[in-house]
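User: Can you walk me through this model? I'd like to start with the pocket.

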Amino acid sequence: MSRPTIPSDFVSRAVRTGADAGVDLQPALDAARISRAVLAHPHARLTPAQVSRFTQVAWQITDDELFGLAPGPVPRGMFRVMCLTLIHCPDLSHALSRMVEVNRVVRSLPQLSLTPGDTTTHLDVALPAVVDEKTRVTVDFLLMLLHRFAAWLVGGRVRLESVMLPYAEPDPVLARSYDSMFGVPVTFGAGRAALEIHNSALTSPLVQSEEALDEYLRDSPNLILSERDYESTVSSQVRRIFESGINGRTATAEDIAGMLTVSTPHLRRLLRQEGTSLGQLREEVLRDLAIAGLRRGESVDDLSARLGFSEPSAFRRAFKRWTGNTPSSYRTPR
């Protein structure tokens, strides 16, 4: 099974904001084997392993768990300490309340707040007076971290009703990446940075232990980046079907609807509600499998045949469309 790739935009913005603050993150790029050619194209993709390695080395360079993006230094180990204060809470509602409470004490972190409602609760990240590039990097990272970590705590999906971001929508390709990241269509230019969580998720009991937390953090942030909300959405089920059938035949809409025991029109409606489509998911699976194969050193000819392309030139054209780069730019440097 392929791991979902990540837009290079996430890393390129971190590198730019680091440079603005006088921090050179080139060693982190080198350690993750991320080339400047790939980083320069906004639609290029990176593997979770690459972004995790980049993040780990950036932590070492800055000695800061938010790379110097927060209002003050965030010493390494701070996230573990915060997690230990909430790992024994009875359910997600108490855990998030505890996180907000601890967050108020750690003034160097962006502040969080919870606003309960009749059916949903908003988890907000406080914004500075000026929302700039640095804010965007921080907000993206924190909201993804909060959502994925909440799902890990309860061992299942944390249903979101909406995600609101304070900055303007990027181009359509990057905007779709945000929808895929959170599992719901994201609202840009909302004037706030918030996850709207369905209240039914807040009653979910925590299932993790301190021992499991240590294991989870040992390879951080790899699991945070590679897990897709515990793969419970319709789009994640469709993705698994495409992945399992990529060798040999390609599943049709009717095949997939039959496997999921729904009608074909209903399947398409469900995917529209999640901000995606069968065609988009098929392309994403092919793209991620192609990038993973290139990183392992697989040849274009072999990849083209394995992924079902009629000839290598057709694969090269598709790869250029997916990422804006040639397959050779994704070869792992030796």
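**Pocket and sheet**

Analyst: Helix 7 gives the most to the lining of the largest pocket, with 5 residues. Helices (H or I, at least four residues) and strands (E, at least two) are DSSP runs, numbered from the N terminus. This is a predicted model: local features need pLDDT of at least 70, side-chain atom pairs count only at pLDDT 80 or more, and totals for chains, interfaces and linings use all residues. Residues are numbered from 1 along each chain as its sequence is written, and side-chain values use heavy atoms, with hydrogens and water left out.

User: How much space lies in the largest pocket?

Analyst: About 540 Å³. A pocket is an open set of points on a 1 Å grid over the protein atoms alone, where a 1.4 Å probe fits, with protein on both sides within 12 Å along at least five of seven lines; lining residues have an atom within 4 Å of a point. Grid points are joined across faces, edges and corners, and the volume is the space filled by probe spheres set on the points.

User: How do the lining residues divide into nonpolar, polar and charged?

Analyst: 18 nonpolar, 5 polar and 5 charged. Ala, Val, Leu, Ile, Met, Phe, Trp, Tyr, Cys and Pro count as nonpolar, Asp, Glu, Lys and Arg as charged, and the others, Gly among them, as polar.

User: Now the sheet. What order do the 5 strands have?

Analyst: The order is 3-4-7-5-6, in an open sheet with mixed pairing. Two strands pair if DSSP finds at least two bridges between them. Strand 3 (112-116) and strand 6 (186-187) stand at the edges with a single partner strand each, so one side of each has no neighbour in the sheet.

User: How many bridges join strand 3 to strand 4?

Analyst: 5, and the two strands run antiparallel. A hairpin of 3 residues joins them, and Leu-112 stands opposite Val-125 in strand 4.

User: And which way do strand 4 and strand 7 run?

Analyst: Strand 4 (residues 120-125) and strand 7 (residues 193-198) are antiparallel, joined by 6 bridges. Thr-120 has His-198 in strand 7 as its bridge partner.

User: Last one: how many helices and strands are there in the protein?

Analyst: 17 helices and 7 strands.
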